[in-house]
Amino acid sequence: MKNEATADQGKKTFVLKGIGVSPGVVIGKVYRFDPLDAQISFYKLHDASLIPAEIERFKKALKESTRQLLEIQEKLKKTKVTEPLYIIDVHILILSDKKFVNRTIKYIQRLGVNAEWAVRMTLDHYKQIFEDVEDPYIRGRISDVQYVSQRVLRNLTGEKGEIVWEVGHDGVVIVSHDLSPADTAQMKLDKVIGFATDSGGRTSHTAIVARSMELPAVVGLDSVTRFVRTGDEIIVDGNSGLVVINPYPDMLKRYEEKRRHLDAAKDEYLKYAKLPATTLDQYRIRIGSNIEFIEEIPSAILHGAEHIGLYRTEFIYIYREDLPSEEDHYNNYCQVLTEKSLEWATIRTFDLGGDKFPNYQKQAKELNPQMGLRAIRFCLKEVELFKTQLRAIWRAGAVGKVKILFPMISCIEEIREAKRLLEETRRELLAEGQKIADSMEIGIMIEVPAAAMIADQLAREVDYFSIGTNDLIQYALAIDRSNERVTYLYEPLHPAVLRLIKKIVDTAHEAGIRVAMCGEMAGDPMFSLILLGMQLDEFSMNHLAIPRIKRIIQQSTLAEAKELMEKAMTFNNAEDVRAYVQDYMFRRFPDEFQKKEE
Ligand code: PEP
Ligand code: MG
């Protein structure tokens, strides 16, 4: 399945969904590998006297193929990657299989075709036989005959085919229609960081080999090879089975974060992930996951998400050039909401604009998109588009617990208007006799400083707040979150940011509503205690960060967190706050922070 949009640099962004068969997240450059690229010629032998030489040529190619496979096996024996050894054994057997060999020779003799053509015909013959086999595992084994045939063909055409050895630069993701064990096994591990293939399933060779090499891999992508060229930027998310080609800067950043948290998602941490984030003195923070795609949900649950705290629905728009219909929205939301192990899902209405899909067709180019017609502002201008989404959220609320979240609210009129439209759609749906949620909690993202300043007034309008620190920091400190030149100034521990957060939390609690945080700050273990000290009710984060954050909370007390927070807030500059917090966290949780932060 393919989702596309146009990335900033003019290159198209594609998001493809396949099967994640080897976990982990990598970001790198594509190396397009196609073993079938070899230019194969097919011709008739114009004289019968040429036949013996052609058979000889075929036999030589068989011999050469066997020799190559044995050589690869020898090399493999010296490495830790042993899995492919046995599969290569099977391939060597096929090369000497009488039926495979004799059938090919028969084609050369009887039809007077060249050896390449004869091999192709033999392969087609086997394909037909395998297609009729019911057992999917056996049916899938046609790939073995295919790999062997490809190797023989490459040897016939004089192409030695060990192309991957020539991968020019480091950090490449191999993208191919399929990969034989021999292809994968001989790649230089220090250069290859992941795989993405059109075909294959959980038990395919690429999957087995990738797992034994501990490299992230997504297979069964159907047509990834059609969308990439060598040198394209690519993200392979082996946990969620997603591949992103030419990602937006925004997506890239989020995946870099995910990668940073991978250590924390390893087995040793997973045992804490299922337990609640309750401190030693019994203060519990609910932990949710941020998602962009529904495919991330199984991994989110595995890593300890109790709910979805932020579903960035604008990613539904990357699916298409045309607009998603109400049914498209509805189907997506139902998939999240029917997930039994999640307590609820927070659906954020779309946040188009800013750094998200800047070239989206309905939006004009703006000089300053972060401060432009973005998020709720855009929705309130494009009312029909907005109402389509609101209708779908109401309807999906009939199948599971949903909370709605409006982004980028900066004044009371915006939330009132959003609520008015929400109520209008509710009435319309009821009049149509549609099944909808009985009720729905309404929340707003507090991510504009103006909203923080009028939080007391906004709190009267809604059921909960969710603090979006990614934007809150950018607007509070006047730092474009996607501008690398000012990244060094992007400091969550800036006293102004801490005061804003504290003010939001305290105001929410005074008004008797809950307050969550769903910005990246919530998923950074360095900030766990200071935020705990402020007594947030919920954190939502990239799911790979959850196990480590839970672990820190489980080992802490609310009392110490409050003390740390109060002390941190006495400093008048970010540098001193950071020095203090870092020093405390390193000493308090040596195992958690050892080396991982560097
Ligand atoms: C935020 O701004 O902190 C947030 C969670 O929203 P997004 O990153 O999607 O803008
Ligand atoms: Mg935001």
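Among contacts (heavy atoms within 4.5 Å) in the protein chain between residues at least 6 apart in sequence, 69% join residues at least 24 apart. This is a predicted model, in which local features need pLDDT of at least 70, side-chain atom pairs count only at pLDDT 80 or more, and totals for chains, interfaces and linings use all residues. Side-chain values use heavy atoms, with hydrogens and water left out, and residues are numbered from 1 along each chain as its sequence is written.

Of the 598 residues in the protein chain, 58% are buried, meaning under 20% relative accessible area with a 1.4 Å probe, protein chains only.

Now to the nonpolar cores, each a set of buried Ala, Val, Leu, Ile, Met, Phe, Trp, Tyr and Cys residues joined through side-chain atoms within 4.5 Å.

| Core | Size | Residues |
|---|---|---|
| Largest | 101 residues | most contacts inside it: F406, F465, I501, I530 and F539 |
| Another, lying apart | 33 residues | among them I51, I72, L76 and I94 |

Take I530 as a guide: leaving aside neighbours within four places in sequence, I530 is in contact with L493, L498, L564, M565, A568 and V581.

Let's turn to a helix pair, with helices being DSSP runs (H or I, at least four residues) numbered from the N terminus. Helix α1 (residues 51-77) packs against helix α6 (residues 142-156) at an angle of about 115 degrees, their axes 9 Å apart. Those axes are lines fitted to C-alpha atoms over the stretch in contact, and angles run from 0 to 180 degrees between N-to-C directions. On the α6 side, R151, V152, N155 and L156 meet α1 residues including F58, L62, L69 and I72.

Methods
Chains are lettered from A and ligands numbered from 1 in the order in which they are written. Helices (H or I, at least four residues) and strands (E, at least two) are DSSP runs, numbered from the N terminus. Buried means under 20% relative accessible area, exposed over 50%, partly exposed in between (1.4 Å probe, protein chains only).
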